[in-house]
Amino acid sequence: MAVALLHFVMPVDFSTNICSLEATGGRTLAPRSDCRVRYRNRNRWSLYSLFSEPEKGSKFSIYSSLVANPVPEAAAISSEQKVYDVVLKQAALVERQLSNKSTLEVKPVAFVPGANFLLKEAYDRCGEICAEYAKTFYLGTLLMTPERRRAIWAIYVWCRRTDELVDGPNASHITPSALERWQARLEDLFAGTPYDMFDAALSDTVANFPVDIQPFKDMVEGMRMDLTKCRYNNFDELYLYCYYVAGTVGLMSVPVMGIAPESRATTESVYNAALALGIANQLTNILRDVGEDKSRAFAPFGFADVFLLQCKKRKVYLPQDELAQAGLSDEDIFSGKVTDKWRHFMKNQIKRARMFFQEAERGVDELSQASRWPVWASLLLYGQILDEIEANDYDNFTKRAYVHEYHFLALYPDPKSNSGKATDHAPLATPRRHGQI
Ligand SMILES: CC(C)=CCC/C(C)=C/CC/C(C)=C/CC/C(C)=C/[C@@H]1[C@@H](COP(=O)(O)OP(=O)(O)O)[C@]1(C)CC/C=C(\C)CC/C=C(\C)CCC=C(C)C
């Protein structure tokens, strides 16, 4: 048991310094010598105080907002730096794989008679699940090429199943060893030996697209974190959680969605935008669900919980130091009263989420043509949740900000307008921002 627990609490190894990796792809990466400089600048979400005046002339004054207690200079590297290392590594990996495309190892799904038929069934079922749980994503994916669309469905289903482990009906029974088994299955499917039909679809996807296992492992790590952690001391801790559970989705999706051949952006910057969209979506989810999270029922504390290490308090995802700086405490959240202090606090949280959306926006049009619309749809849909929280006068205790999907259906381009075929070269109108429609 001790060994199991030790393994359970071990963090993922982020130690690789990607700056030493060579980028060999046909697409350009930032010069390697530039790497450290960029790396140091990656603290902008966390270096400036949410409550102090922007520094005069500061390059980042627009972001001067953010955290009550910045990560001390001398402290171990910040979450943002750790995550940025992963971004750099993913960008370099995809560059390398694409440049070696002719020799790219394609791992076949274990052969069984009728495998192609079964695979089609598996992908179709993934599409049905995506349609059932995430209609807007699903409709958007119909505009992608068939190969990309089914691959996104397979990734979606794996993410949904992973999330259900800790957020679904059986979540209170989930143990660290169940998450270990789930990770072992993940490794098997990447090695070409899937366990069930959904794993087979993902196994086929990762054999055909330059998708790396790291973001998937990191999502499992996020689920471990969610199981045990009840409070986030500061934004640095919350940022890491948001990367694990949502930033990873961006890193998984870009290699499937593809970067436009005509794009002049660096691979790294597109991955960075994808990461930002995941973080923005997750921060928005947290702000929308404050009321839900505080009243979420939790099972009574039992003997087994000592071993399960499960969080047995009501969860608060909002950074504790920022709450305290705003003169608020957990009790204020549990009492659910919208006060001026709360409004002020929420305004700042919304501002930060929007900064991540803005960062994400810069990358969307770098994606292959047919992949852009679903990403814009996701970005606008989630962005409008923030508008809705404002419209509810920051009452996210009793009101759930909701954006009607018909809004997007009205914008949905006709897939038949390209002779019935989604292609990476078919021009599709970009959905417009709220208020521009
Ligand atoms: C087309 C598109 C946006 C594709 C992504 C599809 C995909 C693989 C989604 C997986 C989502 C999922 C089930 C994640 C598990 C963890 C989780 C629950 C994260 C939260 C998602 C929404 O959850 P939920 O369904 O519970 O939401 P509602 O309560 O129903 O509102 C998250 C908030 C995170 C989702 C993160 C993304 C969608 C990030 C997408 C980023 C990209 C596709 C990269 C885009 C590229 C650039 C360059 C910007």
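**A ligand shell and the helices around it**

The shell around the ligand is made up of 19 nonpolar, 10 polar and 2 charged residues. This is a predicted model. Of the 31 residues around the ligand, those that come nearest are Cys 159, Ala 246, Ala 274, Gly 363 and Pro 374.

Where do these shell residues come from? Six helices each supply at least two: H5 (135-141), H6 (146-167), H10 (235-257), H11 (267-288), H16 (340-364) and H17 (372-391). Helix H11 gives the most, with 8 residues.

At 1.5 Å a residue, H11 should span 32 Å, and its end C-alpha atoms are 32 Å apart, so the two values agree.

Next comes the core. The largest nonpolar core holds 101 residues. Cys 126, Ala 154, Ile 155, Ile 279 and Ala 280 touch the most other members. Helix H10 gives the most to this core, with 16 residues. Take Ala 280 as an example. Leaving aside neighbours within four places in sequence, Ala 280 is in contact with Ala 353, Phe 356, Phe 357, Ala 360 and Tyr 382.

How confident is the predictor? The mean pLDDT of the protein is 78, and 68% of its residues reach 70 or more. Over residues 1-41 the pLDDT is below 50, and this stretch has 48 contacts in the model beyond near neighbours in sequence. Residues 432-437 also stay under 50, with 5 contacts beyond four places in sequence. For the complex, the predictor gives an ipTM of 0.95 and a pTM of 0.82.

How values were computed:
Residues are numbered from 1 along each chain as its sequence is written. This is a predicted model: local features need pLDDT of at least 70, side-chain atom pairs count only at pLDDT 80 or more; totals for chains, interfaces and linings use all residues. A residue is near a molecule or strand if its C-beta atom, placed from the backbone, lies within 6 Å of it. Helices (H or I, at least four residues) and strands (E, at least two) are DSSP runs, numbered from the N terminus. Ala, Val, Leu, Ile, Met, Phe, Trp, Tyr, Cys and Pro count as nonpolar, Asp, Glu, Lys and Arg as charged, and the others, Gly among them, as polar. The expected span of a helix is 1.5 Å times one less than its number of residues. A nonpolar core is a set of buried Ala, Val, Leu, Ile, Met, Phe, Trp, Tyr and Cys residues joined through C-beta atoms within 7 Å. A residue is buried if 20 or more other C-beta atoms lie within 10 Å of its own, exposed if 12 or fewer, and partly exposed in between; C-beta atoms are placed from the backbone. Two residues are in contact if their C-beta atoms, placed from the backbone, lie within 7 Å. pLDDT is the predictor's confidence in each residue, from 0 to 100.
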